[in-house]
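Reader: I am new to this structure. Please take me through one part of it, slowly enough to follow by eye.

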Amino acid sequence: MNRIALFLILLTGYPVFSQNYDEAKVPHYTLPDVLKTTSGKIIRNDEKWEKLRRPEVLKLFEDHVYGQMPTDYDSIRYALTEDDGADMAGKAILKQVGITVFRKGNSVQINVVLFIPAQAKKPVPVFLLINNRGKENTDPTRTKKSEFWPAEMVIDSGFAIAAFHVSDLAPDNKDTYMTGVLQKLYSEQLKKENGMKAIGAWAWGASRVMDYFETDKDIDAKKVIVVGHSRGGKTSLWAAAQDRRFAACVTNCSGNTGAALARRQFGERISRINATFPHWFSNNYKKYNDKENALPVDQHMLIALIAPRPVYATNASKDLWADPRGTFLALKAAEPVYELYKIQSGLPKDPPGIDKPVIDSHFGYHNREGEHNMTDYDWGNFIRFARKF
Ligand code: GCU
């Protein structure tokens, strides 16, 4: 820390963070070898990956980053309101689903908005958005329309589209995040250094919506694409890594502790994310503030946990905070695990230019011109990507 920063901390009482946005100042780093087990074995095939290394990497992320992911509950109930199929001028059927999950006498409710193409003759694939913005973005009445969840566009493309709001699981607030799933169902998690926090709770919610999809005959539950933007994109990665029922993952501008490599220390860093959002990741993750190189994982290994399923990652050109180059490099560094399944990522060697999407590939990637956001441009590419699978 330099003397000016120290002086400012003493003066204001607040830590002062500086961000690097200069590629020349990215430190030299070595990524942990995704194919090398902690006991030093080199993984050479998918079977060994699944048996030895994958569980190990998943546990490292639980213990050091996102916290444990409890999977047990006593029962789950679905309350469905289905309309008469007159939505979007007859193009879609709206279902609103209240999912109630019970454990040890307590419960939480997750509210899902789901539009299904009215013309569908067989179960359809669905995009599930983990909504971290205002609920008006997923307005079931369609009075308000938003590029963040362009339901009409998705329906016109023949896919179903669904969303739930993160606040149903854990308020996105450092003082109240524990009042949802954590206090109600899994209070033991709050006592652990590797306990789940808000992002874990949101990902847990995505899996409960997946439980519902498996019961809905209009949905092809083998083709559920989990989508998230920014903090939601960190969550969609963690959800897809944990729950292999998700067929594919879209992580939009997810940046630090999402799809971008931590060791590059470019844009947002671990110390900063932990200070601003202490309620997102496990307590253990705080040990890596300003110590990226001590982490036993980096974010390429999170992407690798999704193998062999397709992943689409995005950035925006003005969103250096989320490190576009670091996101591309994380995808590249996950390739060896996909190669164990004989899958080539299809990515070029170097990051493509702005607005030059790579879609015809197993890893999708684009860097959209503009700001940190999720727009029609992004969704248009997700649809084109999803069509191939
Ligand atoms: C902040 C945070 C990011 C996060 C973003 C968002 O900028 O630092 O890590 O991705 O909010 O969720 O929009």
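Let us look at the ligand. How far does a polar side-chain atom of Glu268 lie from an oxygen atom of the ligand? Please go on from there to the surroundings.

Author: This is a predicted model. Start at Glu268. A polar atom in the Glu268 side chain lies 2.6 Å from an oxygen atom of the ligand. Now find Trp321. A polar atom of the Trp321 side chain is 3.0 Å from a ligand oxygen. Then turn to His372. An N or O atom in the His372 side chain lies 3.0 Å from an oxygen atom of the ligand. The ligand on its own exposes 320 Å², and the protein buries 83% of that area.

Step back to the whole shell. Glu268, Trp321 and His372 are among the residues that surround the ligand. Ser230, Arg231 and Lys234 belong to that shell too. So do Ile273, Phe277 and Trp280. Sorted by class, the shell holds 4 nonpolar, 2 polar and 3 charged residues. The ligand sits in the second largest pocket.

Next, the record. An unreviewed UniProt entry lists residues 99-339 as "domain: 4-O-methyl-glucuronoyl methylesterase-like". In the model, that span is 28% helix and 22% strand. The C-alpha atoms at its ends lie 38 Å apart.

Most peptide bonds are trans, and most residues other than glycine have a negative phi. The bond from Ala307 to Pro308 is cis, with omega near 5°. Look for Pro308 in the loop between helix 8 (299-304) and strand 8 (311-316). Lys342 has a positive phi, near 65°. Lys342 is in the loop that runs between helix 9 (324-340) and strand 9 (363-368).

Terms used. Residues are numbered from 1 along each chain as its sequence is written. This is a predicted model: local features need pLDDT of at least 70, side-chain atom pairs count only at pLDDT 80 or more; totals for chains, interfaces and linings use all residues. Side-chain values use heavy atoms; hydrogens and water are left out. A residue is near a molecule or strand if one of its heavy atoms lies within 4 Å of it. A polar contact is a pair of N or O atoms within 3.5 Å; within protein, one must be able to donate a hydrogen and the other to accept it, and residues adjacent in sequence count only if both atoms are side-chain atoms. Accessible areas come from the Shrake-Rupley method with a 1.4 Å probe; for residues, only the protein chains shown count as cover. On a 1 Å grid over the protein atoms alone, a cavity is a set of points where a 1.4 Å probe fits but cannot get out, and a pocket is an open set with protein on both sides within 12 Å along at least five of seven lines; lining residues have an atom within 4 Å of a point. A molecule sits in a cavity or pocket if more than half of its atoms lie within 2 Å of its grid points. Ala, Val, Leu, Ile, Met, Phe, Trp, Tyr, Cys and Pro count as nonpolar, Asp, Glu, Lys and Arg as charged, and the others, Gly among them, as polar. UniProt positions are given in the numbering used here, feature names are shortened, and annotations may be inferred rather than shown by experiment. Helices (H or I, at least four residues) and strands (E, at least two) are DSSP runs, numbered from the N terminus.
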